[in-house]
Amino acid sequence: MSTTKANFRLLVARRLGLVTTITTSSAGHASGHTFIAESLLDKFPTSLSELWVYEPTSFESRRVVNYDEPEGIAQVNRPFSAQIGAAATLHIFRRFSPDDYDEALRMAVEDVYPYLMQEIVDTSLTTVANQYEYAIPNTIHDLERMYGGKVEIQVNDTVTYPYTELRHWDTRTVRTTNDQSYTLILSPAEFDSGKTLRLYGWGPLAYPAADSDSIPLDAPQINLLALKVMESLYARAQGAPAGDSQIAMQKEAEYRAKFDQKRDEWGIVLVPTDVK
C-alpha cells in the first residue's frame with residue numbers, strides 16, 4: 001500500500017491540529033480570487049494570520065489575505081486557476097503552508113534512511129566481454145541478498161521472459177582517499193556479453209514531486225516518516241521572533257525524541273509494504 005503526497009501532508013497536519021476541512025457555501029468570484037465559506041471563522045475564530053487554503057482537485061494552495069465575515073467571502077493572495085464553486089471541499093492550513101510541509105518532507109526522506117527506504121530497480125548497466133566487475137549505480141545504497149537484493153541478466157527472449165536471475169554474484173567495497181563505492185562481481189559461468197543487467201536493491205525514499213505521486217509506505221512506516229516531518233517543520237521554523245523560535249526549538253526536540261523512541265521500539269530496518 002501507499003499514500004499520495006497530498007494525503008500524507010493532511011495526515012501530518014491533522015496530527016499537529018493545524019488543518020481543518022471546510023465546504024464552500026456558494027461559488028466564489030469567477031476570477032478565482034475568492035471563495036465563500038461562512039464557517040471559516042468557526043474553524044479558526046481567533047485570527048486569519050498565517051492561513052492557507054488548499055484546493056484538492058487542482059492541487060493548488062493560496063494564502064488567505066482578507067475575510068468578510070458577514071458575507072463569508074475570503075480573498076486569496078493570487079487567483080486559483082479556476083473559479084471555486086459551491087459545495088467545494090477545501091483544506092485550511094494554519095501556521096505552516098502546504099509548501100512548508102513539502103520542504104520538510106524533502107528533508108525527511110533523506111534523514112530517515114536507512115530506517116525507511118524503497119526498492120530501487122536499475123537497468124543502466126550493460127555487460128562487456130571479459131569484464132566481470134561493474135560499478136553499482138549510486139542510487140542503490142544496499143544490494144544485500146538478505147534484504148531482497150538480486151541481480152538479473154537479459155536473455156534472448158525479450159518478450160515473455162526478458163530477464164533471468166543470476167545465482168552467483170557478490171559485491172565489493174572500493175575505498176578511495178575521500179570516498180568509497182561498491183562494485184558488483186559476476187560469475188563467468190553465468191556471464192553473457194552485451195546484455196542489460198537489472199539490479200534490485202535499496203536506496204533512500206524518492207521525494208514525490210507531484211501531489212498525486214505516491215509514498216510507498218504504510219503503517220507503521222508512514223508514522224515514523226510523519227514524526228520526522230514534524231521535527232523538520234519546527235527545525236525550519238526557527239529564527240522567527242524570540243518566543244516563537246523558542247517554541248519551535250522545543251517542538252523540534254519533542255518530535256525528534258518521539259522519532260528516536262519509535263525507531264528503537266521497532267528495532268528493524270523498515271521497508272515499503274508494496275515491494276514486488
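**Close-up views of salt bridges and nonpolar cores**

**View 1. A salt bridge joins Arg9 and Asp211.** The closest N and O atoms of Arg9 and Asp211 are 2.9 Å apart, a salt bridge being a side-chain nitrogen of Lys or Arg within 4 Å of a carboxyl oxygen of Asp or Glu. Because Arg9 belongs to helix H1 whereas Asp211 sits in the loop between strand S14 (196–203) and strand S15 (214–215), the pair ties together parts that are 202 residues apart in sequence. Helices (H or I, at least four residues) and strands (E, at least two) are DSSP runs, numbered from the N terminus. Arg9 is buried, at a relative accessible area of 3%, and Asp211 is buried as well, at 11%; here buried means under 20% relative accessible area, exposed over 50%, and partly exposed in between (1.4 Å probe, protein chains only). This is a predicted model, in which local features need pLDDT of at least 70 and side-chain atom pairs count only at pLDDT 80 or more, while totals for chains, interfaces and linings use all residues. Residues are numbered from 1 along each chain as its sequence is written, and side-chain values use heavy atoms, with hydrogens and water left out.

**View 2. Salt bridges involve Lys262 with Glu265 and Arg263 with Asp264.** The closest N and O atoms are 3.6 Å apart for Lys262 and Glu265, two residues of helix H5 that lie 3 residues apart, about one turn of the helix. Lys262 is partly exposed at 33% relative accessibility, and Glu265 is partly exposed at 48%. For Arg263 and Asp264 the corresponding distance is 3.1 Å, and Asp264 counts as exposed, at 52% relative accessibility.

**View 3. The largest nonpolar core contains 35 residues.** A nonpolar core is a set of buried Ala, Val, Leu, Ile, Met, Phe, Trp, Tyr and Cys residues joined through side-chain atoms within 4.5 Å. Within the largest one, Phe8, Val12, Leu16, Tyr101 and Leu225 touch the most other members. Two or more residues each come from helix H1 (5–16), strand S4 (51–55), helix H3 (98–111), helix H4 (221–236) and helix H5 (242–266), and the largest share, 9 residues, is that of H4.

**View 4. Leu16 touches Tyr101, Met230, Leu233, Tyr234 and Tyr255.** This list leaves out residues up to four places away in sequence, and contact means heavy atoms within 4.5 Å. A second, separate core of 16 residues includes Leu40, Leu41, Tyr67 and Leu90.
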